[in-house]
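Here are some notes for a colleague who is coming to this structure without having seen it before. Please read them with the sequence and the view at hand.

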Amino acid sequence: MSSGAAPTLPLPGDPPGGRRAAWVWGIGVAVYFVAIIFRTSLGVAGLDAADRFDVNASALSTFSILQLLVYAGMQIPVGLMVDRLGTKRVLTIGVVLFTVGQLGFALSPSYGMALAARALLGCGDAMTFISVLRLGSRWFPARRGPLIGQVAALFGMAGNLVSTLFIARALHSFGWTTTFVGSSLAGVVVLVLLLLFLKDHPEAHEPPPAEHAGATYVRKQIAAAWREPGTRLGMWVHFTTQFPAMLFLLLWGMPFLVEAQGLSRETAGTLLTLVVLSNMVVGLVYGQVIARHHEARAPIALGTIGTTALLWACAIFYPAAHTPVWLLTILCLVLGACGPASMVGFDFARPANPPERQGTASGIVNMGGFTASMVTLFAVGVLLDTTGGSYRAAFASVFVLQALGVAQILRLRRRAALRERDHHVVSRVEAVHVPA
């Protein structure tokens, strides 16, 4: 077996997996699925929101920026909460918050109240994905980690698919209030399932008692996770890979395709759906490859970044008034790889941190991509207003963050690999010398 391959033998204390694990974990994934529907519903309602609240591009981008600002800012606190309180409690709080936020967005009579509702939604949304990752690590063997993470992300993208296929049509058929109030009922359904059936861990696999909570504990958890090169590398991978697709799906893809490219809403919606479908397929492929060959993580991440940059440049700098649909189609297929590539970040952080610090480390990683998304959403909105609606100039801001991220990935890559090899050797020694 190569030095970069995942261990095939279970490590001490590995949970058993099985049908019960799949059922419990599936409830957590259902919560994440609904959270993604709520998060991305604005992406297909951007033009409707601009008309409803009578706002310009900068003000419209503020909806997504505020939501992502709250989401990114909550990642480390949520990681600490998951490590301290457990998955079920944190997910319960999250479901309540994002359901109230979606309902509030449906009924908001003003721009200010709608902003507050999106912030509340972002706060609840922030509590879902890290909790689902933690739930998977508690119920499945460690060697299943990469595939479990990619499958969770796949179901999240299925939530995005619901937004692009059904929320967009419902808005056209039933209007704003009915669509968003109706969708909020999904939050009530998953809350009931969560309260009735979800458990933090299997029997006889209880985690060690957490240290006494307090400022010292918080500082120790964050500092210990940050000291690991794998955590920082994971954050920069997530930072660099995720945001182009988020920028496109969360807000600016539909306006770009309709206003700048002259496509109909139906055609634009089909292209956005293509991003989601590509994400789901590529996620399964990446998960299988990384589960078998951990040394493929960095090439997958860097290859995705390079291909995305190339197609993004071809699409926005095409020497004609409108980019051909075939090229936009290829761009959307490539953007579908961004989400699965961002999951590679967690595969760098996971082996670098012990189980009791997984939530904190995942929070640091997850903060990366959403910070980048927030920055570019804001930059695109401002550049559109200052350039008279030039998507070519606005979308070029993507390259700045990609260059920054690649530089950091290359800087940390070797250091993280050496540190992970040391951790792997220690784990193998512990697996051999387990007391009877």
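1. The place to begin, keeping in mind that this is a predicted model, is the pair formed by helix H3 (residues 87-107) and helix H4 (residues 111-125), whose axes come within 7 Å and cross at roughly 155°. Because angles over 145 degrees count as roughly antiparallel, H3 is described as roughly antiparallel to H4, and the crossing of H3 and H4 is left-handed.

2. As for the residues that bring these helices together, H3 contributes Gly 94, Leu 97, Phe 98, Val 100, Gly 101, Gln 102, Gly 104 and Phe 105, which meet a set in H4 made up of Ala 114, Ala 117, Arg 118, Leu 120, Leu 121, Cys 123, Gly 124 and Asp 125.

3. A separate point concerns Asp 54, which lies in the loop between helix H1 (19-53) and helix H2 (57-85). Its phi is near 55°, a positive value in a residue other than glycine. In general, most residues other than glycine have a negative phi. Asp 54 is exposed, since its relative accessible area of 70% is over the 50% cut-off.

4. Is Gln 358 buried or exposed? This residue, which lies in helix H14 (residues 358-386), counts as buried because its relative accessibility is 13%, and the limit for that term is under 20%. Leaving aside neighbours within four places in sequence, Gln 358 is in contact with Asp 83, Arg 350 and Asn 353.

Technical notes: Residues are numbered from 1 along each chain as its sequence is written. This is a predicted model: local features need pLDDT of at least 70, side-chain atom pairs count only at pLDDT 80 or more; totals for chains, interfaces and linings use all residues. Side-chain values use heavy atoms; hydrogens and water are left out. Helices (H or I, at least four residues) and strands (E, at least two) are DSSP runs, numbered from the N terminus. Buried means under 20% relative accessible area, exposed over 50%, partly exposed in between (1.4 Å probe, protein chains only). Contact means heavy atoms within 4.5 Å. Axes are lines fitted to C-alpha atoms, for helices over the stretch in contact, and angles run from 0 to 180 degrees between N-to-C directions. Angles under 35 degrees count as roughly parallel, over 145 as roughly antiparallel, 65 to 115 as roughly perpendicular and the rest as oblique. A crossing is left-handed if the near helix is turned anticlockwise from the far one by less than a right angle, and right-handed if clockwise.
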